[in-house]
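Have the structure open as you read along.

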Amino acid sequence: MKFGYFDDANKEYVIQTPKTPYPWINYLGNEQFFGLISNTAGGYSFYRDARLRRLTRYRYNNVPLDNGGRYFYVHDEGDYWTPGWMPVKRDLDFYECRHGLGYTSITGERNGLKVNQLAFVPLGFNAEVYRVKVGNVSDSPKRVSLFSYLEFCLWNAHDDMTNFQRNLSIGEVEIEDSVIYHKTEYRERRNHYAYYSVNRRIDGFDTDRDTFLGAFNGLDTPQVASEGKSGNSVASGWSPIASHGIHLELAPGEEQSLIFMLGYVENPQEEKWESLNVINKKPAKAMIEAFATDAQVNSALADLAAYWDGLLGKYSIQSSDDKLSRMVNIWNPYQCMVTFNMSRSASYFESGIGRGMGFRDSNQDLLGFVHQIPDRARERIIDIASTQFDDGGAYHQYQPLTKQGNNEVGSGFNDDPLWLITGTAAYIKETGDYGILDEDVPFDSGRQGSATLFEHLKRSFDHVTNNLGPHGLPLIGRADWNDCLNLNCFSEEPGESFQTTTNLDGKTAESVFIAGLFVFAGPDYAELARRRGLEDEATRAEREIENMRNITMAHGFDGDWFLRAYDYHGEKIGSRENEEGQIFIEPQGFCVMAGIGVEEGLAEKALNSVRDRLETDYGIMLQQPAYSKYYLNLGEISTYPPGYKENAGIFCHNNPWVTIAETVIGRGDRAFETYAKIAPAYLEDISEVHRMEPYVYSQMIAGRDAVREGEAKNSWLTGTAAWNYVAITQAILGIQPDYDGLRIDPCIPQAWDGYKITRSFRGAEYKISIQNPDHVSKGVKSVTVDGSPIESNVLPVFEAGSSHEVVVVLG
Ligand code: BGC
């Protein structure tokens, strides 16, 4: 069952009912100012950091769900309603939500009045703009009132929802003309404020929530909207809000447009005030001026569309499969931008107050994003590396506003450092910018000195070889990619955090996954060393990698698949010897991606075991059999009920590792089969089962053991986006950025006749036609560039600005 449809021409997902199985959301903003907006206009906004600079309030775990956002109440002759249906939930004669790239447009119609609210963040601008169009589609004149509404957060979102003894006394606003300024804490150490404006004279306003709502009322029954009259309230403490009241007279067929703006302003310390306790509004006024007319809004929307056309144009496919095309050309790269921006901080499953930017997460996110805006990936790599410790270890996360490691989220995840190598290598392959390796980058934000980025990569590499266990495999530390496999934790206290509680100093628990990651990422480190003229270092690294490869085959293989780990006591995990958790997906995918056991036949065995033991109709489960009880020696993984999350859920993030692994052994049909199983566009028809947005990946789909098999959770912020982007664009479709050019090495279903890709790479455009006359999966028979054959399947780096026709024949 579907709740909408893809409008590919407009690059939108169109939702046709407000009653989706869960709020289906979108993201506004690409740079500093961000908003989350649901299909019923719920959500919130923040500047850079969802925890530390929250502009509007959001109540998590609310009933009904998603009750709070940017609302426009219409009062029409005693009747009042909201065009996004929520929160008033009055029946609408028409409803539609269009989630597009960086904007959301919601339309509601009732009793001959049509209201459209369009929200976006203009490029390079620290504000959300809402254009509201009110149209009289009836035959008689209408006199209606419109009341905007949003509720301010007192900046620190965590403090805002916990520290009431203080916060209920500090709220302050100013009102001037049609603009409501939120200036809580500006009188003391803050030099930033928010404002909510509208581009016309208002007939009333409210800034005090209780006045707007009225005693005992919720957002569904605000007194102001029901009476059709603003209270002109001035907030003092309690809960500051912003609401404009505007009367409109509309002739039949007439439509009026209003432009609202929620903006963020930072003033220099010496320019904070206009006069005693009156804030300096100059910057806000300039911003408001910039969007005073529809023409200005339209031109900013056109800029936003052009911006996205530019980004999406860097890699596009022409194929006969619409679902594939919309994933590759629109939604997967779009989600990659969002995960790059947000890491795991703010979604409808991440509160924005718990987690910041993940060391491992953000490195992986940039794999799917780096070709869009390489400069931003560069900055991110430096930011991430700046939180690394001087021994190569890493904080697990850092805060985007301060860019400092967040101790509350812990450290000691022994896979973390290696992802920095993979992220940096991806950036260099995309750009050829080796200069990044010479950047002087702090350790622990300067607390432990600094060194070149290359030295950071060396310490990442050495962090593994300096921390080996009894078999010579990498020690797992607190956990590896699987945050929930906590082999040194032994937690018996209810509620104790598996991520941060003091661990035993484990010198035994080893991770086969990290071994695979080491053999996967290591060669890039060796290659970069060699390209810096450090031949001895490159050779040393290669020796270590070879050694790890052999150890993994000797001690990390269990007959038909790779083992997962050795625990604190040296016992096997992910082995046929175990009663539960006999086989895990992660080492199968990663060890094969690293090429371990490909020649020896182990890789094929491992992937066949995945197919036979882990695969379901909805994707590949993380492990089997699910843990049915809590295991003290395994930690959080066994706390989840069977079939959910890391305990045998379909953890989508690691499915593409199997997809890529299948291409390593040349099985194009299997690769595409595993890809399509979890690609959201292919799941649209079962939205009632899947329940999450059909245009983006979710982190998890409930596995076979779950009560609700096939039901997804944690949409949007997941490494699934980047890895599936890599799996489809590089591994299957076979366009792979490499140090010296663009490598062409597809691995596709045999039935495919071919497809066309346009790829811009280091400034040049490559128009690539892949032809498959012999119906093979893999193998490049010939390559011609602009009509002339070339020997290799690595397309050279062309002059920036040039365009080239490439024909690749498989066989
Ligand atoms: C985390 C990832 C982790 C994954 C598996 C996610 O919630 O963000 O860093 O790899 O869970 O445990």
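## Cavities, pockets and a ligand

Strand β13 (residues 142-155) supplies three residues to the lining of the largest cavity, the largest share of any contributor. Please keep in mind that this is a predicted model.

**Cavities**

- Three cavities of 30 Å³ or more are counted.
- The largest cavity has a volume of about 60 Å³.
- Its lining is made up of Gly-43, Thr-56, Arg-57, Arg-59, Gly-68, Gly-69, Tyr-149, Leu-150, Glu-151 and Leu-219.
- Sorted by class, the lining of the largest cavity holds three nonpolar, four polar and three charged residues.

**The largest pocket**

- Two or more lining residues come from each of α10 (416-431), α12 (512-531), α16 (655-664), α20 (720-732) and β37 (735-738).
- Among these elements, α20 gives the most to the lining of the largest pocket, with six residues.
- The lining of the largest pocket divides into 19 nonpolar, six polar and nine charged residues.

**The second largest pocket**

- About 480 Å³ of space lies in the second largest pocket.
- Of the 26 residues that line the second largest pocket, Arg-355, Asp-483, Lys-645, Glu-646 and Gln-699 lie nearest its centre.
- Here the lining comprises seven nonpolar, ten polar and nine charged residues.

**The ligand and its surroundings**

- Which pocket holds the ligand? The ligand sits in the second largest pocket.
- Around the ligand you will find Arg-344, Arg-355, Arg-360, Asp-361, Trp-481, Asn-482, Asp-483, Glu-646, Phe-651 and Gln-699.
- This shell around the ligand consists of two nonpolar, two polar and six charged residues.
- Arg-355 places a polar side-chain atom 3.2 Å from an oxygen atom of the ligand.
- In the side chain of Asp-361, an N or O atom is 2.7 Å from an oxygen atom of the ligand.
- Trp-481 takes part through its backbone, with an N or O atom 2.5 Å from an oxygen atom of the ligand.
- The ligand taken alone exposes 310 Å², and the protein buries 95% of that.

Methods
Residues are numbered from 1 along each chain as its sequence is written. This is a predicted model: local features need pLDDT of at least 70, side-chain atom pairs count only at pLDDT 80 or more; totals for chains, interfaces and linings use all residues. Side-chain values use heavy atoms; hydrogens and water are left out. Helices (H or I, at least four residues) and strands (E, at least two) are DSSP runs, numbered from the N terminus. Ala, Val, Leu, Ile, Met, Phe, Trp, Tyr, Cys and Pro count as nonpolar, Asp, Glu, Lys and Arg as charged, and the others, Gly among them, as polar. On a 1 Å grid over the protein atoms alone, a cavity is a set of points where a 1.4 Å probe fits but cannot get out, and a pocket is an open set with protein on both sides within 12 Å along at least five of seven lines; lining residues have an atom within 4 Å of a point. Grid points are joined across faces, edges and corners, and a volume is the space filled by probe spheres set on the points. A residue is near a molecule or strand if one of its heavy atoms lies within 4 Å of it. A polar contact is a pair of N or O atoms within 3.5 Å; within protein, one must be able to donate a hydrogen and the other to accept it, and residues adjacent in sequence count only if both atoms are side-chain atoms. Accessible areas come from the Shrake-Rupley method with a 1.4 Å probe; for residues, only the protein chains shown count as cover. A molecule sits in a cavity or pocket if more than half of its atoms lie within 2 Å of its grid points.
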